[in-house]
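The following exercises are to be worked through with the sequence and the coordinates at hand. Each task is followed by a solution in steps.

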Amino acid sequence: MAREGFISLKEVAQECGVSVSAVSLALRNSPKISAAQRRNIQRLAQRIGYRRDPRISELMVHLRKTRKSRSH
């Protein structure tokens, strides 16, 4: 359950009928999902009031940069 005043990725995903990872990718403008799907998710997230937590965003950027690639 989301903290009061915050909308979680999970809540956005439930509203869109997609996975949490699809929402995460869409909000980061990843080409791993279609442009149409990204726009739909971004619009809905904005409509329901989703806002990124800057501290979590900063942490996730760090983790993604330092994580070793899984592909060989």
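A residue counts as exposed when its relative accessible area is over 50%, as buried when that area is under 20%, and as partly exposed in between. The structure examined here is a predicted model.

**Exercise 1. Classify Asn29 as buried or exposed, and describe its backbone.**

Step 1. Asn29 belongs to the loop that lies between helix 2 and helix 3 (35-48).
Step 2. The relative accessibility of Asn29 is 52%, so this residue counts as exposed.
Step 3. Asn29 is not a glycine, yet its phi is positive, at about 60 degrees.

**Exercise 2. State the secondary structure of the chain and the share of its residues that is buried.**

Step 1. Four helices and zero strands are found in the chain.
Step 2. In sequence order the pattern reads α-α-α-α.
Step 3. Of the 72 residues in the chain, 22% are buried.
Step 4. Among contacts between residues at least 6 apart in sequence, 39% join residues at least 24 apart.

**Exercise 3. Determine how helix 1 and helix 2 are oriented, and which residues form their contact.**

Step 1. The axes of helix 1 (residues 9-16) and helix 2 (residues 20-27) cross at roughly 100 degrees and come within 8 Å.
Step 2. Angles of 65 to 115 degrees count as roughly perpendicular, and helix 1 is therefore roughly perpendicular to helix 2.
Step 3. From helix 1, Leu9, Lys10, Val12 and Ala13 take part; they meet Val20, Val23, Ser24 and Leu27 of helix 2.
Step 4. By class, these residues comprise six nonpolar, one polar and one charged.

**Exercise 4. Repeat the analysis for helix 2 and helix 3.**

Step 1. The axes of helix 2 and helix 3 are 9 Å apart, and the packing angle is about 90 degrees.
Step 2. The two helices are therefore roughly perpendicular to each other.
Step 3. Ala22, Val23, Ala26 and Leu27 in helix 2 meet Arg38, Ile41, Gln42 and Ala45 in helix 3.
Step 4. The contact of helix 2 with helix 3 has six nonpolar residues, one polar and one charged.

**Exercise 5. Is Ser24 buried or exposed, and which residues does it contact beyond its sequence neighbours?**

Step 1. Ser24 is located in helix 2.
Step 2. Its relative accessibility is 15%, so Ser24 counts as buried.
Step 3. With neighbours within four places in sequence left aside, Ser24 is in contact with Leu9 and Arg64.

**Exercise 6. Trace the contacts of Glu15 and Ile48, leaving out residues up to four places away in sequence.**

Step 1. Glu15 is in helix 1, whereas Ile48 lies in helix 3.
Step 2. Glu15 touches Leu44 and Ile48. Ile48 touches Ile7, Val12 and Glu15.
Step 3. Glu15 and Leu44, 29 residues apart in sequence, have a C-alpha to C-alpha distance of 7.9 Å. For Ile48 and Glu15, 33 residues apart along the chain, the C-alpha separation is 9.1 Å.
Step 4. The relative accessible area of Ile48 is 24%, so Ile48 is partly exposed.

**Exercise 7. Compare the span of helix 4 with its expected value, and examine the start of this helix.**

Step 1. Helix 4 (residues 54-66) has 13 residues.
Step 2. From first C-alpha to last, helix 4 reaches 18 Å, close to the 18 Å expected at 1.5 Å a residue.
Step 3. At the start of helix 4, the backbone nitrogen of Arg55 has a side-chain oxygen of Asp53 within 3.0 Å.

Methods:
Residues are numbered from 1 along each chain as its sequence is written. This is a predicted model: local features need pLDDT of at least 70, side-chain atom pairs count only at pLDDT 80 or more; totals for chains, interfaces and linings use all residues. Side-chain values use heavy atoms; hydrogens and water are left out. Axes are lines fitted to C-alpha atoms, for helices over the stretch in contact, and angles run from 0 to 180 degrees between N-to-C directions. Angles under 35 degrees count as roughly parallel, over 145 as roughly antiparallel, 65 to 115 as roughly perpendicular and the rest as oblique. Contact means heavy atoms within 4.5 Å. Ala, Val, Leu, Ile, Met, Phe, Trp, Tyr, Cys and Pro count as nonpolar, Asp, Glu, Lys and Arg as charged, and the others, Gly among them, as polar. The expected span of a helix is 1.5 Å times one less than its number of residues. A polar contact is a pair of N or O atoms within 3.5 Å; within protein, one must be able to donate a hydrogen and the other to accept it, and residues adjacent in sequence count only if both atoms are side-chain atoms. Buried means under 20% relative accessible area, exposed over 50%, partly exposed in between (1.4 Å probe, protein chains only).
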